[in-house]
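Subject: Structure handover

Hello,

Please find the structure below. My notes on the contact between its chains follow.

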Amino acid sequence: MSSERDNSRRYSDYKRKKYSHNDHGEHSSKRRRSPSPEFRQIQYYKYELKRYLEDQANIRNVEDFWKFFDKYQNVQQLKKADFDRTFLLNVDFKEIPRILYDRLPVLDKNGRKVKIKYEDFKEFLLVAKIYNDFQQKIKFSKLKKLRKTQTELPIAQYKSEIIEKLHQSRVLLIAGDTGCGKSTQVPQYILEAGFNKIVCTQPRRIACISLSKRVAYETLTEFKSTVGYQIKFEKSKKADTAIIFMTEGLLLRQASEETTVGSYDVIILDEVHERHLFGDFLVGVMKCLLYKRKDFKLILMSATINLELFQNYFKEEDVQTVQVPGRLYPIEIHYRPVIKDPFERQKDKFNCTPYLQIIQMIDEKYPPNQKGDLLIFLNGFNEISRLADAVLEYSENKKNWIVLPLHSTLSLEDQDKVFDYPPEGVRKCIISTNIAETSVTIDGIRFVIDSGKVNRMIYHTGGGVNKLSETTISQDSAKQRMGRAGRTGPGVCFRLYSEEDFNDFERFTPAEIHLVPLESLILYMISLGLNDIANFPFLEKPSAKSLEEAVEKLKFSGALNLDDDALELTPLGKALSNLPVDLTIGKMLILSTVFGKVDSVLALAALLSVQSPISQTAHKNLDAENLRKPLESTHGDPLTYLNFYKEWLNVKQSSTPMSRTSASESSRKWARKRCLEEQRFYEVTKLLEQFRDILNEADLLSKGVEPGMSSGERAIRHGELKNLKSMRYQMKQEEKTRRRKQLKYENFSNCEDEEKTDIRDVEFRISNDFKKLQSLLNETSADSFKDVMLLKLILTCGLYPQIAVEDEHNSSKTVSERLFHTKTKNFVFLRPTSFFVTNPEILQLHDDDIEIPPPNYFSKRPISRKHQILVYQSILETKKVYLMNTFRMPALQTLMLFGKRIFVNSSFTKFVFDDFLSLDVPYYGQGKKLLMVAARLRKKWKDSLEKKLHNPESSDIDKREVFNFVEDLINYISTNVSYNIKRLLTADLKSLFKRESRFVGNEDLTFNPFDEDFKISENHEFGGVNLTSHIVYDCLIDEEWAWDLEERVLGETFECDSCGTKIFDASIFRRLQHEAKCEQDRRNKQDGDDVSSKIVAKPNSKVFECEKCKQKLLLTPVEILKHKKGCGG
Amino acid sequence: MDNEMKVECEESLIKIQRKEMSQVKGEKDQVVKYFQCEHCNLKEKYEYFGFEPPFFKKYKLREESYITEDPFLPPKEGEIIILGAHCIRCKKSMCKDIKCSFYFNGTYCIPCAKLSINSFPQSVQDKLNKIVL
C-alpha cells in the first residue's frame, strides 16, 4: 500500500510543479552567454542531433525517431495528458537532464551556435524515452508472438511426452505430418531437456541451412553459435554449438570416425519416411552404432507413413513412439473410375474427358465466389501438356481457369507461379506430377483429382536398363494426394479409380533401395569396413541379385578385388568411395586429373549429371534445330552438349546484365531460340564447381596457382561485384514485396517479358568473374582431334562396358529408325534429340570404306577399317528402349583398350571381347601388333592412375610424360586395321572355346611378350594361357580361314625385321617372343641414347661434333667442355 | 536380452544426468536462469535482474526488472528486452504483455491494477477499464 500512496503523492507533486514557472530557462541563458537568444525549435537541428541521438540515446534509426517525434507532438496538441507521461515509462536515462543538456552539440552545420530551450530539450528527452518504450513494446510482442506460434504448433502438446519417452528409451520414433513442427521444435525440446550435443540430419542441404537459421531464431541465439549447420564444404559450427543440422551424407562419413560420432549425445534422423537410399542405409548404420556405443540416443522423425516398419526394425531396442496428428480438415472422397471403351482405337492415348467433366462439375456446383483451387495429379510430362491444352480450350470463353503445369523439368521461376494467387472469380488449375505430393506444398487447394498413376523409374538388374513406366500409385501416395485438398479448409478429392482398385494398390511406395543400382552404396559400405554385405541389418533388404550385380560391376570397373574371399577396395575404389558421385562420373573425374584435362572433363561430367540441355519439344522446332547445327559435334551428344555450354559461356561473356537495350543478345534469349534449357547450364556451372571441390577435398587436384589479377582488373571486378550485389539485393527486395503476385489470365498465352533482368544471370556473374569465365572457356574447349579423342577416351573409360553396335540391317533403305544392340539388351533406339538421329551417315560404312577380303576369307560381314561402336551413358525404357547420351568410338581400338576379357586365337586374327563382340582381323600381323600396343598402353594407363592416387601432387612433374602418353594413345586410336564385327549370341559362346591347353609343355613360358612382370599361366576354364590379367591367348577354336592363314605363316621361315635372325619352324608365339625381345633391346638402347641427348638446348648452344665419339650435339660452351672431358676419360 | 538392455539404458541415463550435474558445477556463472510469468506462463531465459543492466547503454530502469540482451540484434548494441517485473502489490512475477501487467510508476498485475484503479488519473483509468481479462 505504501508504494501506492507514494505514487499518488508523486503525482500531486507533479501537478504542482507543472504549473509553477520554469526556472531553468534563466539558468541556461546564464550559462550560454549569447547576445541574441534566438532559440529554435528542436526539429530545426535534426542534422546536428543525429550523432547525439546515436551516442546519448542509443537511437540508431534517427529518421524513424523524428517521424515518431512529429506524430507525438501532433497528438499532444490534440489532447493534453492529465499526468506526467514519465509515470508510464519504466526506463529513464542514466544521467540527469542537466548533464545531457550540456552534452548537446555547440555549433550547427553552418557554424552558428545551437540554441535549444531547456524545456524543449526536456520534452525531447521525454519523447526519446517514449520512443524507447514503444520500441521495447514492439520487441516484446515480437518475442511473445514467436512463443505463441510455437505453442500453437500441433507438436507443442507432446513436448513433455517426447522428453519423458526419450528418458525411458534409447530409440524414439516421432511421427507427424508436414506442418506439425517436428523439425524445428524437437531439437529445441531436447536442448531444453539438458542434452547439448544434438545432431539432426536432413536429406537436403538447403533444409540444413534454413532449419538452423529458424531454430537459432526461435532459441533467441541468432547471433550466437548455439545452433549451427554442417554441409559439404560449408559449416557454421563451433565448439559450443549444441544443435547441428547436417546432411545424411555427412553423418555417414562421420560414422567412420569414432571420435566425432562419439561426441554426440542425441542423433536425430529427420524425414526417414522418404526412404532414400542413403537415408535407409544411415538408419542401418545407426542401429549398429546403438550396440557399439551405449551413451547416445537415437530419434527418428517421419511422416505418419509405414510406422510399423520402423517399429519392427527397432523392436529389440525397445523403441518408443510419439504420434502427432496433423492439421487436416475433412475431405470428401469421390470414386469415379474411368471405364475404358474396349472398342476405342487408340487405347494408349491419354483421355482428357473425365478431367474436363469434373472441372465442368466444379463450375456448376460451386459458385465462383467460393474460393478454392484445383490440383490434378498425372503421371508424366506428355499427359500434363495434353490436359493443360484441353483445360485452356475449355475455359477459353469464360476465362475462369488459369492452367499451371508443375513438374521437375520446369524452371524454378515457372514452378513458383503455382504460389501466386488468381484474380477474383478465377480458379487455379495446377496440373502436376507427384512432385506436389510431398515436395511442393501449395496452400488454397480445395479440389484434388487423382489419376492414380505415377511414372516410376525402376532400375532392372540384368539388363542394366532404367525403366520409366506408368504404374499405379500406392495407397499411401493416394492418401497423401487426397490430403492436399484439406490443408486450408474442407476439400473434395476425386479419384479416377474405384475403391476396389484402391484396395488393390500396394500399401507403400517402394523404397529407393529397390529401384536403383547399388554400386555406390556397396562401395561406400566396404569403405566403412562393412564387408559382410549379406548380414548388414538393412531396413529393407535389397534383392540378392541386385547386390550381386553391384559387386560384379565394381569388380569389373576395377574398384573392388576379391582377396581371400573377402572384398577389398583397390586404390581406385578407395578414391571412388570418397567421391559422392555416380561410379562412372567418379571414374571420369579421377582420370581427368591424370591427364591434366580437368576442366573439360568436369564440364562433361556435369553435363552428363543434369538433365539434357535440349528441351523436350526441341525436335519439333526446325528453326531451333538449324541454329543448333553449327554447334553440334560429329562425335556425339556429350561433346555437342559441351559445345553448347561453351557457346553459352561465350554469350554470357559478351553480354552484361545491365544492358537492357544493348544490341547484344541475352543468354536467355540465345538459349530459347535454340530450344535449349538455360537452367541446365546454370546447374552445370554450379555442379562443375562442386566437382572441383570434391576433387580438392579428396586431394586429387594439385593446388594450381590461381591466375593473378592486376590491380586494375581487381578494381574493375570490385566495382562490378558491388554493382551486381546491389542489383541482386534490389531484385530480392522486389521479389519479397511482390511475392505471391496476382496471376493474369493473359500471362499464360506464353509471352514473357524479355526485358526483365534475370536474377540467375546476376548470381552467375557474382560467383563467376570475367577472368574465371575466360579460363573456363579456354579449358573446356575441345577443338583439336587430339583433345576430342582424349576426352572421349576418358568418357569411355568411365562408361565401359556400356557400348552398343548397329544392327546389321540399319544400312538398308527400308529401315526408318536405326536399331542398336547392347550386350544385355537387343533392339534399342536413339533418342529423337540425339545427334546421330539427324546425322546417321556418320555411323554408316560407305561403299568405298568396305574392303575386299583377303583370299580364302569368306564372310557376309564387311571388312573395313572404319567400324565404330557407340558408347552410351544409360539405357532408358519408356514406350521404347532408348540409348542416352551416345558418342562414337573406333571399334577394335576401343575394345582392346577397355575390354575386360579379351580372347585371342593362336594367330591373333580373331578376337572376342567380353562375350559380346567377335572381331576378325584376317591379315596376319595387324591384330598382333595392335594388341601389343594396347597392352602396353593399358599398363601405362593403370600405372599412371595408381601413381596419381598414391601421390596426387605428381602430375605437374610428369607433364612431358603425360604428353607423350597422350600422343601414343592418339596414334594407337588412329591405327589403320581392317576387320569385321560380329555380335555373339548365347548359342555362339558354347562353341567358341578350346577349353584345353596344348600350350603348356610345348612352349617356353618364361618370357611374356605382353608384360614382363606378368607370369604366364594356364587358363583352365577356356583353354590357352593368360597373357595379362585380361588377355587369354590361344583359347579360341579356329575356323578354316584362320587355320589356312596360320599354316601359311608357319610355312614361311621367320626372319626378324630388326636383327635379321632367321628361325625355322617357329610357332607364332615363339616368333612374338623373339620380336618382343628385339624390340625391348632396341628400346633399352634408345633410352640410353635418350639420356645423353636429353640435354636441353639453351640460347647459347651451338652444334658441336665430337672428334672422339663422332656425335653431333647441340651444346653450350660449358657443356662442350664437359662432354670433351667425359669422352676423353 | 531385454533386461540387459534396460539395465544398460538406465546406466546411460545416469551417465547423462551426471553429465548435466558436472556442467552446472563447471560453469557456475553460466547457470541458465528462467523468468516465468505467473499469468500467461511465458518462460524465458533472463540474463539480469535489477535496475542497471550492464548491457543497456545510456538508460537505467525505474524498477527491478528481468532483462535479456536483445536477441534480434547483434550483441553489444546496447539493446535489451525487458521481460517482466514483480507486481508492486502482490509481488507475483509478471511479463510485459498488456494482458498480464500494467506500468504506472511501477508494475501492477492487471487484477491488482483494477483493485487500485482509483489511485490512477482518469485517462489511465479509462485505459485500464478497456482491458478485459
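Seven salt bridges link chain B and chain A in this predicted model. One of the salt bridges joins K144(A) to D97(B), with 3.4 Å between the closest N and O atoms. Counting residues that are both at pLDDT 80 or more, 21 residue pairs are in polar contact between chain B and chain A.

On the side of chain B that touches chain A, at least two residues each come from helix 1 (2-26), strand 4 (59-61), strand 6 (80-86) and helix 3 (122-130) of chain B. Helix 1 of chain B gives the largest share of that side, ten residues. By residue type, the side of chain B that touches chain A has 29 nonpolar, 19 charged and eight polar residues.

The two chains also pair through strands. Strand 4 of chain B runs antiparallel to strand 1 (residues 91-93) of chain A, and three bridges connect the two. Within strand 4 of chain B, L61(B) is the bridge partner of V91(A).

As for the extent of the contact, chain A contributes 49 residues and chain B contributes 56 residues. About 5000 Å² is buried between chain B and chain A, and carbon and sulfur atoms give 55% of that area. The residues of chain B that lose the most area to chain A are K58(B), Y59(B) and F72(B), which together make up 17% of what the chain B side buries.

Regards

Definitions and conventions
Residues numbered from 1 in each chain as written. Chains lettered and ligands numbered in written order. Predicted model: local features only at pLDDT ≥ 70, side-chain atom pairs only at ≥ 80, totals over all residues. Heavy atoms only, no water. Contact = heavy atoms within 4.5 Å. Buried area = accessible area lost by both parts, 1.4 Å probe. Salt bridge = Lys/Arg side-chain N within 4 Å of Asp/Glu carboxyl O. Polar contact = N/O pair within 3.5 Å; in protein donor to acceptor, adjacent residues only side chain to side chain. Helix = DSSP H or I, 4+ residues; strand = E, 2+ residues; numbered from the N terminus. Nonpolar A, V, L, I, M, F, W, Y, C, P; charged D, E, K, R; others polar. Pairing = 2+ DSSP bridges.
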